[in-house]
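Colleague: I am new to this structure. Please take me through the terms and how each one is applied.

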Amino acid sequence: MTREVRESGGGWWCAGVRWPGEVPELGWSRGGRRRVSVLAYGAGLGFRAVGARHCVGARGNVCPLGAVVPGRSTGGRCAECARLDRAHSVAADTMADDPRTYRVYLAWFGPGLVKVGITGEERGAARLREQGAVAFSWLGRGPLMAARRTEEVLRAALGVPDRIPYARKRVERGHLPDTDERAAEVAELYARAAALEGRGWPESLERLPLEVVDQVGIFGLDRTPEPEPEPEPVPLPASWPVRAVRELVDGGVVAGRLVAAAGPDLHLAVAGGGVVVLDTRLITGWDLAAESGSDVRVPLIDIGGGGVQGGLF
């Protein structure tokens, strides 16, 4: 990974984590060119942010303004590019004549933390991996508007949201129940959703059978990472990770050993600090230079506690 960052220097910007299959990749862009770096658990990953953070553009196009964007923005876009990107998304409901088949899914992120959503059938489970869903099941398939209508019915009838903040996902990810408990909660939600057939459920949406898919192994969350040996061996807390990167700054360093990944988050084991979460949506638009070793010198925030650790570490 360090080699990839080095080769990606000189105008290559990171586009964040993507999940085309069951292995995470980092995307890179330079103008109209694209490339990827395949990530591996146990491998080193390190970089230093250089200069200012710039807008990543919209729908594959370069930002015409070359705008500088805030370090804490998870979107990484200026206001105009964010508007253009949103206007052409499925969530904007501007594609009523979309001929593709869509699937409705039920996703589980932790005890009591479930949501309903839709994704293009041709994408398979990529959307579930991008969101960091620990477990999920398909519910139905059909035209876009039928899938969207089903999503609305479930939200209204069952009180199931269509969005869950990443901060809440991170808190729950550190203390997951066992596989059977995760599957049982997905199955219970599926039964409640299936009971709505004939009561607002669109006839054009085909219900799919319950099949719980658990992604803990794919994300590497079933592994207990060993602490980094430098500068001093320290035991990792029972509930890991405990800190997350708040933002990058010019000259800020993030380097460690990749031990897990879920959605846009990379879990890095670092010397003397347990495991730190890096939300890769925060690194889009930055020029990154390679760094080796194990070091974190950017502002961090405690996960769950809400306390911000200021300064550079």
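Modeller: First a definition: two residues are in contact when they have heavy atoms within 4.5 Å. Leaving aside neighbours within four places in sequence, V245 is in contact with V254, V276, V277, L278, L282, V298, P299 and L300. This is a predicted model, where local features need pLDDT of at least 70 and side-chain atom pairs count only at pLDDT 80 or more, while totals for chains, interfaces and linings use all residues. Residues are numbered from 1 along each chain as its sequence is written, and side-chain values use heavy atoms, with hydrogens and water left out.

Colleague: Why is R170 called buried?

Modeller: Buried means under 20% relative accessible area, exposed over 50%, and partly exposed in between (1.4 Å probe, protein chains only). R170 has a relative accessibility of 13%, so R170 counts as buried. Of the 313 residues of the protein, 49% count as buried.

Colleague: And why is P143 called partly exposed?

Modeller: The relative accessible area of P143 is 40%, which lies between the 20% and 50% cut-offs, so P143 is partly exposed. P143 sits in the loop between strand 7 (135-142) and helix 4; helices (H or I, at least four residues) and strands (E, at least two) are DSSP runs, numbered from the N terminus. Not counting residues up to four places away in sequence, P143 touches R100 and S204. R100 is 43 residues from P143 along the chain, yet their C-alpha atoms are separated by 6.7 Å.

Colleague: How do you know that the buried residues of helix 5 line one face of the helix?

Modeller: In helix 5, Y166, K169, R170, E172 and R173 are buried. Seen down the helix axis, these buried residues fall within an arc of 165° (taken from the directions from the axis to the C-beta atoms), so they line one face. They pack against strand 5 (102-110), strand 6 (113-120), helix 3 (126-131), strand 11 (253-262), strand 12 (265-270) and strand 13 (274-279). Helix 5 covers residues 166-173.

Colleague: What makes a set of residues a nonpolar core?

Modeller: The members must be buried Ala, Val, Leu, Ile, Met, Phe, Trp, Tyr or Cys residues, joined through side-chain atoms within 4.5 Å. The largest such core has 58 residues, and V245 is one of those with the most contacts inside it. Helix 4 (residues 144-158) gives the most to this core, with 6 residues. Apart from it lies another core, of 11 residues, among them Y105, L113, W138 and L208.
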